[in-house]
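Subject: Structure handover

Hello,

Here is the structure I said I would pass on. Please have it open while you read the notes below.

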Amino acid sequence: MQRLAAIASFAALVAISGGVWYATQRTGSDDPYAQCRTSKVAGGSEQIGGSFNLLNKAGEAVTDKDVITKPSLVYFGYTFCPDVCPFDVARNADAVDELDARNYDVTPVFISIDPERDTPEVVGEFSELIHERMIGLTGTPKQVKAASQAYRTYYRKQENGDPDYYLVDHSTFTYLVLPEAGFVDFFRREVTPEEMADRVACYIDAS
């Protein structure tokens, strides 16, 4: 609750709907992580993730190689999000703390899909309020679009005539990315911190 209270100032007053694509069950004997999965992205995990070029909180250019140096929980959202993003990233932070308690070192990552308002400074402040190790990233509209496309996420700015207090519809999955394997799985909003920690630990143990 403290995390949610800390980031309340970033939230607008209107709710959004998010999430436009879903996953289907799939198993395979060639999957080294089969015992960890509860679902798999339609088309195969090899089609999700990859390189990106963004800006960190200091405004420095970083790539996926700079950011994904440890098992990472990657979330695409925005700091003005009224309810979905605060709950999701707070859940991710709780999962990271749970994993810390089990001696697993996992990095939470927040990538803004609202580059017009989310400057490096804003994203950095937001991320640090959520978790001291959370890496906040933003970029130019082109950079953000490329990162979103790499992870096959969806976002769309709502055109309501207000240039300052608009909302952004977006998908709401959290992605587990391993430094060597890349994207391996995703987590829906209803997954609890404990459930997330269990599955992340399974993937790390299987790596």
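A disulfide is a pair of cysteine sulfur atoms within 2.5 Å. This is a predicted model, and 1 disulfide is present in it. The bond runs between Cys36 and Cys202, with an S to S distance of 2.1 Å. Cys36 sits in the loop between strand 1 (23–24) and strand 2 (40–41), while Cys202 belongs to helix 6 (residues 193–206), so the bond ties together parts that are 166 residues apart in sequence. The torsion about the S-S bond is about -80°, and the disulfide is therefore left-handed.

Are the two cysteines buried or exposed? Buried means under 20% relative accessible area. Cys36 has 4% and so counts as buried. Cys202, with 22%, is partly exposed.

The other thing to look at is a record. UniProt, in an unreviewed entry, gives the feature "binding site" at Cys81, Cys85 and His170. These residues are spread over 90 residues of sequence, yet they cluster in space, the largest C-alpha distance being 10.0 Å.

Each of them can be checked against the same cut-off. Cys81 is buried, at 0% relative accessible area. Cys85 is buried as well, at 0%, and so is His170, at 1%.

Cys85 is part of helix 3 (residues 84–101). Leaving aside residues up to four places away in sequence, Cys85 touches Tyr75, Gly77, Tyr78 and His170. His170 itself is in strand 9 (residues 168–170), and its side chain reaches the backbone oxygen of Phe76 at 3.5 Å.

Regards

Key:
Residues are numbered from 1 along each chain as its sequence is written. This is a predicted model: local features need pLDDT of at least 70, side-chain atom pairs count only at pLDDT 80 or more; totals for chains, interfaces and linings use all residues. Side-chain values use heavy atoms; hydrogens and water are left out. UniProt positions are given in the numbering used here, feature names are shortened, and annotations may be inferred rather than shown by experiment. Helices (H or I, at least four residues) and strands (E, at least two) are DSSP runs, numbered from the N terminus. Buried means under 20% relative accessible area, exposed over 50%, partly exposed in between (1.4 Å probe, protein chains only). Contact means heavy atoms within 4.5 Å. A polar contact is a pair of N or O atoms within 3.5 Å; within protein, one must be able to donate a hydrogen and the other to accept it, and residues adjacent in sequence count only if both atoms are side-chain atoms.
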